[in-house]
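I opened this model to look up a few residues and what surrounds them. My notes follow.

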Amino acid sequence: MSLRVPLILFVDDDARLRSLVAAELRSNRYEAIVASNGREALERFRDVTPDIIVTDLAMPESDGFDLIEQVRRESQLPIIVLSVRNSDTEKIRALDLGADDYVVKPFSMPELLARLRAQLRRRPAEAHSILRFPGLVVDIERRRVILDDREIRLTPTELALLELLVSNAGKPVTLAQIVRRVWKGAPGTSFDTVRVHIRSLRRKIEPNAATPRYIATEPWVGYRFIAEPEEE
């Protein structure tokens, strides 16, 4: 097991916030480097290859949207947006460009640290054909789902939805991303179609759909698989 300290690239045009967040990260056993805009961040990303990027959106010269788009052309490392912009349109645009999570300012440092830990725990889905969560096992290779030691039957669409969500556990998945991945962008596939299938899936795996244990709704954005993966 590697003991290397994760390197965080923090990007924001507020010099005081850069200093405060970098200090907090270092006090929590991370390495931290900073940048003041998307152009500078892209240079640092290419120079040092951080483990994760945390970026603002509204910045001079080159904004966070440009940074996300450029990084995604070269890497799949986690990107967390940290922004005062809290409209659904902004969130969806950032997530669709490839951001992994979105935290709205003002924020608490414990929340940001929790989001960092969640993203750093994530591993490529290809490396794990069996994904385990409390009370739930998803065997992607054999296409089997075990809930509380009992195999449950899902439709092919429900299974594809569940596989997409568990493979991105802790990460919000937008409705548009679901349509592209599950329905392959088939013409006429509406967001309401996604919601209907999510309701059906929840009825089969959630003990109480009113208080989800596995699939949480991100209002007007999409869904997030919230259960913590079990240690192997």
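I began with valine 103. Setting aside neighbours within four places in sequence, I found valine 103 in contact (heavy atoms within 4.5 Å) with Ile80, Val81, Leu82, Ser83, Glu111 and Arg115. This is a predicted model: local features need pLDDT of at least 70, side-chain atom pairs count only at pLDDT 80 or more, and totals for chains, interfaces and linings use all residues. Residues are numbered from 1 along each chain as its sequence is written, and side-chain values use heavy atoms, with hydrogens and water left out.

I placed valine 103 in strand β5, residues 101-104 (a strand is a DSSP run of E, at least two residues; a helix is a run of H or I, at least four; both are numbered from the N terminus). Valine 103 and isoleucine 80 sit 23 residues apart in sequence, yet 7.3 Å apart in space, C-alpha to C-alpha.

Is valine 103 buried or exposed? Its relative accessible area is 1%, so valine 103 counts as buried (under 20%; exposed is over 50%, partly exposed in between, with a 1.4 Å probe and protein chains only).

Next I checked arginine 18, in helix α1, residues 15-27. Arginine 18 is buried but has no salt bridge (a side-chain nitrogen of Lys or Arg within 4 Å of a carboxyl oxygen of Asp or Glu). The nearest side chain of opposite charge (Lys and Arg count as positive, Asp and Glu as negative; His and chain ends are not counted) is aspartate 12, 5.8 Å away. Not counting residues up to four places away in sequence, arginine 18 touches Phe10, Asp12, Asp13, Val34, Ala35 and Ser36.
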